Amino acid sequence: MNANRLLAELKRHANPERAAPMAAYMKHRFDYLGIAKPQLVAICKPFFKEAAQADVDWRFIEQCWASPWREMQYAALHYLKAVQQKLTPQDVPRLQWLITEKSWWDTVDFLDRIVGGIARLHPEVNAVLLAWSQSDNIWLRRVAIDHQLLRKDQTDTALLERILCNNLGQREFFINKAIGWALRDYSKTNPQWVRAFIDQHRNRMAALSIHEASKYL
């Protein structure tokens, strides 16, 4: 993988007019080249064509993360998705670094699926996620809360309950929103469980969490 060559290709497609509103949408936390997601995926596709046959190139990922351009972090995420089947529990510390560096919901909400995929195949990672659910870092907490999204009847409800309970009584928007999303998603599979959780913990739950969780109840 060649991060410099990818960046050169992305710069060829830069759109300053699009970049300004993209940066504004992210509260000017990051600089953008102005490349929309479908175009970014199309540009990355030939670079990642043979990625699944090779070892995970963490040097490439780290170079993308070091770039000042947010699209390079997005490219690293799409690369991780392409090599997801090769990721193991040994990669979790590096993923933790990605979660806690240049953190915002756009990258974190992608990484929760990546980490969740590892944990689904390697349940020993659950202990790490339980520890993250009590971290001082809100983004590690958010990943722990939402890593089981879309698992449906394969959801580990005991783990979900422990992680959620570790995060009740919070004022942090991104935590309370994540709690609501986790419950809302699981309510499509087991609404009775979600209703019972809300009934039991309502006094400690933020109104935002209850609102999000109740959407399909």
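Helices (H or I, at least four residues) and strands (E, at least two) are DSSP runs numbered from the N terminus. The model is a predicted one, in which local features need pLDDT of at least 70 and side-chain atom pairs count only at pLDDT 80 or more, whereas totals for chains, interfaces and linings use all residues. Residues are numbered from 1 along each chain as its sequence is written, and side-chain values use heavy atoms, with hydrogens and water left out.

In H6 (residues 92–100), the buried residues are Val 92, Leu 95, Leu 98 and Ile 99. These residues lie on the same side of H6, because they cover an arc of only 110° around the axis, the arc being that of the directions from the helix axis to the C-beta atoms. Beyond its neighbours within four places in sequence, Ile 99 is in contact (heavy atoms within 4.5 Å) with Val 108, Leu 111, Val 115, Trp 132, Trp 139, Leu 140 and Val 143. Leu 95 and Ile 99 are also among the residues with the most contacts inside the largest nonpolar core, which has 72 residues; Leu 6, Ile 61, Leu 80, Trp 132 and Leu 183 are the others named for it. Such a core is a set of buried Ala, Val, Leu, Ile, Met, Phe, Trp, Tyr and Cys residues joined through side-chain atoms within 4.5 Å.

With a disulfide taken as a pair of cysteine sulfur atoms within 2.5 Å, the count comes to 0 disulfides. Cys 44 is accordingly in no disulfide, and the nearest cysteine sulfur, that of Cys 64, is 8.0 Å away; Cys 44 counts as buried, at 1% relative accessibility.

The structure holds 11 aromatic pairs, in which rings of Phe, Tyr and Trp (its six-membered ring) have centres within 6.5 Å, with planes under 30 degrees apart classed as stacked, over 60 as edge-to-face and the rest as tilted. One of these pairs is that of Tyr 25 and Trp 105, which is edge-to-face at 6.1 Å centre to centre, with 90° between the planes. This pair links distant parts of the chain, since Tyr 25 belongs to helix H2 (residues 16–25) and Trp 105 to helix H7 (residues 105–121), 80 residues apart. Tyr 25 is exposed, at 59% relative accessibility, whereas Trp 105 is partly exposed, at 28%. Phe 173 and Phe 174 also form an edge-to-face pair, because their ring centres are 5.3 Å apart and their planes stand at 80°; Phe 173 is partly exposed at 44%, while Phe 174 is buried at 14%.

Lys 102, in the loop between H6 and H7, has a positive phi near 55° although the residue is not glycine, and is partly exposed at 30%. Leu 150 likewise has a positive phi, near 75°; Leu 150 lies in the loop between H9 and helix H10 (157–165) and counts as exposed, at 52% relative accessibility.

Methods:
Buried < 20%, exposed > 50% of the residue type's maximum accessible area, 1.4 Å probe, protein only.
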